[in-house]
Amino acid sequence: MPETETAPPLAGRHALITGGGRGIGAAVAHALAGLGADLTLVGRDEAKLEETAAALRGSALVAVATVPGDVNQEDSMAAAFDRAGPVSILINNAGIAESAPFARIDDGHWDRTIATNLTGTFRCMRLAFPAMAEAGWGRIVNIASTAGIKGYAYTVAYCASKHGVVGLTRALAIEAARSGVTVNAVCPGFTETDMAARAIANVAAKTGRGEDEARRELTRINPQGRLVQPGEVADTVAWLCLPSSSAITGQAIAVAGGEAM
Ligand code: NDP
């Protein structure tokens, strides 16, 4: 780099993104690469991870690795962190969303949701935090949801898991406050990804209405009358990772067109 050019703000930082192969995770990967961070993308779908990594390698001058990992499996995630090497930015993005009326939520639905969204997030934080604290710098951003700060019908397990993620975020933020590590949650409203597409198809199937009407129903929840775009969530995540965001910690920031305030 010519001497007159300044290094991008996250140059020399290494970010690990769970579920980095698609949707919000892939958008976050692009945003962090744009700020100069090297990346490790973790997930179960290795082909999808490689596809996203190839696009990143073609568009940004950062190192991009992919590592298979299932946030539900402690051994799998320990191995993934080992392979990734020291991490200074952790984005806990992996998540699942299932819906059902309260009385029909069985233990399997409940356990899968809590295991992936809440325990998976806790597990990755536990794997990443000690080295960040030791280094005196780190950023943890948990992708929660507006379902982490308000309730929605038919999503008891999902709302409970995401409220848990917000609680976990706030508690570690206090414990970490003097360590140089910030811990925040980003809470998207309905965002245009495969997850939202599945929710729209589900509403259409269960109500007998068409997908257009189901989509209108979801967009009506957002005061701006639209779905959030993955890039908008990613830009908020990237902002929290900047060195200049060091006073922001323990926050749950809604990216939802005013739906939650
Ligand atoms: P997608 O369904 O498009 O992507 C989900 C991601 O999570 C995939 O990359 C998937 O990777 C990963 N994942 C799921 N389970 C596991 C697992 N056990 N181990 C590792 N990775 C896993 O959803 P979004 O991009 O929309 O969602 C990303 C996050 O944003 C989730 O936490 C979700 O709850 C949250 N969110 C989404 C909203 C929306 O409307 N879309 C709104 C609010 C929050 P792979 O298949 O490779 O394992």
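## Basis of the values

Residues are numbered from 1 along each chain as its sequence is written, and side-chain values use heavy atoms, with hydrogens and water left out. Because the model is predicted, local features need pLDDT of at least 70 and side-chain atom pairs count only at pLDDT 80 or more, while totals for chains, interfaces and linings use all residues.

## Helix 1

Helix 1 has 12 residues and reaches 17 Å from its first C-alpha to its last, close to the 16 Å expected at 1.5 Å a residue, where the expected span is 1.5 Å times one less than the number of residues.

Helix 1 is mostly covered, with 9 of its 12 residues buried; buried means under 20% relative accessible area, exposed over 50%, and partly exposed in between, for a 1.4 Å probe and protein chains only. Among the buried residues are Ile24, Val28 and Leu32. The buried residues pack against strand 1 (14–18), strand 2, helix 2, strand 4, strand 6 (181–188) and helix 8 (230–241), contact being taken as heavy atoms within 4.5 Å. Helix 1 is followed by Gly36, whose phi is positive, near 95°.

## Helix 2

Helix 2 (residues 46–59) has 14 residues, and its span of 20 Å from first C-alpha to last is close to the 20 Å expected at 1.5 Å a residue. Its buried residues are Leu49, Thr52, Ala53 and Leu56. Seen down the axis of helix 2, these buried residues fall within an arc of 100°, so they line one face of the helix; the arc is that of the directions from the helix axis to the C-beta atoms.

Lys48 forms a salt bridge with Glu51, the closest N and O atoms being 3.1 Å apart, where a salt bridge is a side-chain nitrogen of Lys or Arg within 4 Å of a carboxyl oxygen of Asp or Glu. Being 3 residues apart in helix 2, Lys48 and Glu51 are separated by about one helical turn. Lys48 counts as partly exposed, at 27% relative accessibility.

## Other salt bridges

A search of the whole structure finds 11 salt bridges. In one of them, the side chains of Glu98 and Arg112 meet at 2.8 Å, N to O. This pair links distant parts of the chain, with Glu98 in the loop between strand 4 and helix 4, and Arg112 in helix 4, 14 residues apart. Glu98 is partly exposed, with a relative accessible area of 25%, and Arg112 also counts as partly exposed, at 41%.

Glu213 forms a salt bridge with Arg220, the closest N and O atoms being 3.4 Å apart. Salt bridges that share partners join Glu213, Arg216 and Arg220 into one network.

## A nonpolar patch

Phe102, Trp110 and Val156 form a nonpolar patch on the surface, with about 310 Å² of accessible area together. Phe102 lies in the loop between strand 4 (89–92) and helix 4 (107–135), and Phe102 is exposed, with a relative accessible area of 63%. Patches are made of residues with over 30% relative accessible area and no salt bridge, like charges being joined within 9 Å and nonpolar side chains (Val, Leu, Ile, Met, Phe, Trp, Tyr) within 5 Å; accessible areas come from the Shrake-Rupley method with a 1.4 Å probe, and for residues only the protein chains shown count as cover.

Technical notes
Helices (H or I, at least four residues) and strands (E, at least two) are DSSP runs, numbered from the N terminus.
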